Amino acid sequence: MKCRFLDALSCSNVGRAPVWLMRQAGRYMPEYQALRRKHSLWELFHCPDLAAEVTRLPLALLQVDAAILFSDILVIAEALGLTIHFPDQGGPRIEPAIRTADQVAQLPLLPVEEKLKFVFETIAQLRADLSVPLIGFCGGPFTVASYCIDSASKDSFTFTKRWMREDPQSLHHLLHKITQVSIAYLKGQVRQGVDAIQIFDSWLNILNQEERHTFAYPYLQQILRALAEFSVPVILFCRHSSLFSQELVALGSTCISFDWLKPIAALRREVPRSIAVQGNLDPSILKLSPSEITRATEEMLRSMQGEKGYIVNLGHGVTPDVPFEHVRHFVDVVTSFC
Ligand code: CP3
């Protein structure tokens, strides 16, 4: 197995930096769209054959250095007895929405091996024939909680924010339950053979500093502590990560994934050498011409030349409106850079 990616995570890589993209299997890809015409999103996530097929798509079409399991951070809600819907319009919805302390108290902690068996089966299938490392993942407890509470109105997070102020104790209870199932879920993924984990705490950016320390970091720390026994590398992603890099450094993950608000070389200097960094091309650059993509990508690569512990990625996921050829061009620029 080529371990450019794992070597970069342990800051011991040589040669060019590894590359993969968040949302590398998705709607910008004609092959993915063809599968979506035949199957609902729910089916793609729940059927191991299909999820494994989608996971492999970018490997064949883009030659990236890592695969990310095709699933969604919200399927974990099924281990809390909730139902997840992926309507064609309006983003995913968790039902019933969790809004009261009583609901939280009654949420069951169901066995993940059973409720999320389809994910473990997908990993087992992929393990058999992948030529690059496989990234497993989960959502950060705060982000998953905000979807459980507010998925229908997530643009304003009205209920989540109200709950933080009016009844923090029961919100902590919800975060605790989500953390418990997340730990069991990630341990299951590692046992099944994923090579690295990425935690997507996407919505940390809606919290102020004190709220991050109260409602997010303690739970991320619990997850990181629980995974320590496996020595599996863990990448931490959140929106606006570059604005609070020191807080993320203090959590002690293997790698931090950065947005594009600051140059990656500047962020490298903010993060101790023992922690890898990932990122951070602005995803909207992939909508520009191939020559602009080359220019921006090479500028980023040049600024990091000779740096160990660097994984090339976007600052957030590939958007559906990007031409497939542009994504391939981005990967080609990275893999041919020397
Ligand atoms: O990166 C990958 O290629 C792996 C697969 C993956 C998906 N979702 C598949 C997906 C991963 C890692 C996720 C994580 C995820 N899901 C996050 C955290 C990362 C981030 O972007 O901030 C969040 C917040 C979600 C919740 C979610 N799932 C939303 C908001 C949506 C709808 C809007 C959107 O971004 O497309 C989904 C649906 C979803 N999850 C799709 C895919 C490929 C859309 C596919 C389709 O409509 O066909």
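1. Arg212 and Glu247 form a salt bridge in which the closest N and O atoms are 2.8 Å apart, a salt bridge being a side-chain nitrogen of Lys or Arg within 4 Å of a carboxyl oxygen of Asp or Glu. Because Arg212 belongs to helix α11 (residues 209-227) and Glu247 to helix α12 (residues 245-251), the pair ties together parts that are 35 residues apart in sequence. Helices (H or I, at least four residues) and strands (E, at least two) are DSSP runs, numbered from the N terminus. Arg212 is buried at a relative accessible area of 8%, and Glu247 is buried as well, at 12%; buried means under 20% relative accessible area, exposed over 50%, and partly exposed in between, with a 1.4 Å probe and protein chains only.

2. On the basis of these values: the model is predicted, with local features needing pLDDT of at least 70 and side-chain atom pairs counting only at pLDDT 80 or more, while totals for chains, interfaces and linings use all residues. Residues are numbered from 1 along each chain as its sequence is written, and side-chain values use heavy atoms, with hydrogens and water left out.

3. Glu121 and Lys117 meet through their side chains at 3.9 Å, N to O, and both belong to helix α7 (residues 117-129), where they are 4 residues apart, about one turn of the helix. Glu121 is partly exposed at 37%, as is Lys117 at 46%. In helix α14 (residues 290-303), Arg295 and Glu292 are 3 residues apart, again about one turn, and their closest N and O atoms are 3.2 Å apart. Here Arg295 is exposed, with a relative accessible area of 51%, whereas Glu292 counts as partly exposed at 32%. An α-helix has 3.6 residues a turn, so residues three or four places apart point the same way.

4. The largest nonpolar core has 134 residues, and those with the most contacts inside it are Phe5, Leu116, Leu174, Leu286 and Phe330. Such a core is a set of buried Ala, Val, Leu, Ile, Met, Phe, Trp, Tyr and Cys residues joined through side-chain atoms within 4.5 Å. Leaving aside neighbours within four places in sequence, Leu174 is in contact (heavy atoms within 4.5 Å) with Ile98, Val104, Leu107, Ala145, Ile149 and Trp163.

5. Helix α8 (residues 141-150) is mostly covered, since 10 of its 10 residues are buried. Ala145 and Ile149 are among these buried residues. The buried residues of α8 pack against β3 (93-95), β4 (134-139), α9 (158-166), α10 (168-192), β5 (196-200) and α11.

6. Which residues come nearest to the ligand? Of the 21 residues around the ligand, they are Arg23, Arg27, Arg36, Asp72 and Ser202, a residue being near if one of its heavy atoms lies within 4 Å. Taken alone the ligand exposes 870 Å², and the protein buries 87% of that; accessible areas come from the Shrake-Rupley method with a 1.4 Å probe, and for residues only the protein chains shown count as cover.

7. Arg16 lies in the loop between α1 (4-9) and α2 (30-38) and is buried, with a relative accessible area of 18%. The side chains of Arg16 and Asp65 are joined by a polar contact of 2.9 Å, that is, a pair of N or O atoms within 3.5 Å, where within protein one must be able to donate a hydrogen and the other to accept it, and residues adjacent in sequence count only if both atoms are side-chain atoms.

8. Some backbone geometry deserves a look. The peptide bond from Glu95 to Pro96 is cis, with omega near -10 degrees, and Pro96 lies in the loop between β3 and α5 (101-106). The bond from Gly279 to Asn280 is also cis, with omega near -15 degrees, and Asn280 is part of strand β8 (residues 276-281). Positive phi values occur at Gln63, near 55 degrees, and at His240, near 65 degrees. Most residues other than glycine have a negative phi, and most peptide bonds are trans.
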